[in-house]
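Please read it with the coordinates open.

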Amino acid sequence: MDDLQKFVTELPLANELFFALVEATAGTVAVSEKYWQAQGLNGARIRVLVEIAKHGGTMLPSLLAARIGVTKANISLLLTPLEKDGYITRAGHAHDGRKTVISLTEAGGRLLMEQLPGNREAVAAVMNRLEQAEQRLLLELLNKLGG
């Protein structure tokens, strides 16, 4: 057991960095989720609406699934309540009848415009623990890891 404990506690720097990044991300995401819950909303569903808005207001479910990192099967679980609440619509693709296009509704756009500023403030409160130069450096480093 001593060998196992040593193996899981004495990490090489790259692995220590990975776990610190995971913990920091989880903490920041928790702040965002807490905000959404206080508003009676679901953060994952808001993320769907944001991605559709970023894409110009319409997109294919398969592209949306890829953008938010879920399977095509799971995207339907996120879309159904959004459609029921009137935040999105689904319609047949104009050129390929086998495909569906998701569109953000006026109500969905209003929800984002009303709620995103408060969420941004909550997240900024965490991120502003870093000075602006540190934030720029962190962004540069994260982009380097992601690219």
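1. Confidence. The model is predicted. Its pLDDT averages 93 over the protein, and 99% of the residues score at least 70.

2. Largest pocket, size and position. The largest pocket holds about 1,200 Å³ of space. Its lining consists of 34 residues, of which Thr25, Thr28, Val29, Val123 and Met127 are the closest to the centre. Helix H2 (13-38), helix H3 (43-54), helix H6 (106-127) and H7 are the elements that contribute two or more residues to this lining.

3. Largest pocket, composition. Which element gives the largest share of the lining of the largest pocket? That element is H2, with ten residues. Sorted by class, the lining of the largest pocket contains 19 nonpolar residues, eight charged and seven polar. Anyone setting up a calculation on the pocket will want both the element list and the class counts to hand.

4. Helix H7. This helix covers residues 132-146, 15 residues in total, and spans 21 Å from first C-alpha to last. That is close to the 21 Å expected at 1.5 Å a residue. Is H7 largely in the open or buried? The number of buried residues among its 15 is zero, so H7 lies largely in the open. H7 is also among the elements that give two or more residues to the lining of the largest pocket.

5. Glu140. This residue belongs to helix H7. Its relative accessible area is 54%, and Glu140 is therefore exposed, the cut-off being over 50%. Between the C-alpha atoms of Glu140 and Glu114 there are 30 Å, with 26 residues of separation along the chain.

6. Aromatic pairs. How many aromatic pairs does a search of the whole structure find? It finds two. In one, the ring centres of Phe18 and Phe19 are 5.0 Å apart and the planes stand at 70 degrees, so the pair is edge-to-face. Tyr35 and Trp36 form an aromatic pair that is also edge-to-face, at 5.0 Å centre to centre and with 75 degrees between the planes.

7. Tyr35 and Trp36, by contrast, are both buried.

8. Helix H5, two residues. Ile75 is placed in helix H5, and so is Thr80, the helix being residues 72-84. Ile75 has 3% relative accessibility and counts as buried, because the cut-off is under 20%. Thr80 has 43% and counts as partly exposed.

9. Distances from those two residues. The C-alpha atoms of Ile75 and Arg45 are separated by 9.9 Å, although the two are 30 residues apart along the chain. For Thr80 and Arg90, ten residues apart along the chain, the C-alpha separation is 9.6 Å.

Technical notes. Residues are numbered from 1 along each chain as its sequence is written. This is a predicted model: local features need pLDDT of at least 70, side-chain atom pairs count only at pLDDT 80 or more; totals for chains, interfaces and linings use all residues. Side-chain values use heavy atoms; hydrogens and water are left out. Helices (H or I, at least four residues) and strands (E, at least two) are DSSP runs, numbered from the N terminus. The expected span of a helix is 1.5 Å times one less than its number of residues. Buried means under 20% relative accessible area, exposed over 50%, partly exposed in between (1.4 Å probe, protein chains only). Rings of Phe, Tyr and Trp (its six-membered ring) pair if their centres lie within 6.5 Å; planes under 30 degrees apart count as stacked, over 60 as edge-to-face and the rest as tilted. On a 1 Å grid over the protein atoms alone, a cavity is a set of points where a 1.4 Å probe fits but cannot get out, and a pocket is an open set with protein on both sides within 12 Å along at least five of seven lines; lining residues have an atom within 4 Å of a point. Grid points are joined across faces, edges and corners, and a volume is the space filled by probe spheres set on the points. Ala, Val, Leu, Ile, Met, Phe, Trp, Tyr, Cys and Pro count as nonpolar, Asp, Glu, Lys and Arg as charged, and the others, Gly among them, as polar. pLDDT is the predictor's confidence in each residue, from 0 to 100.
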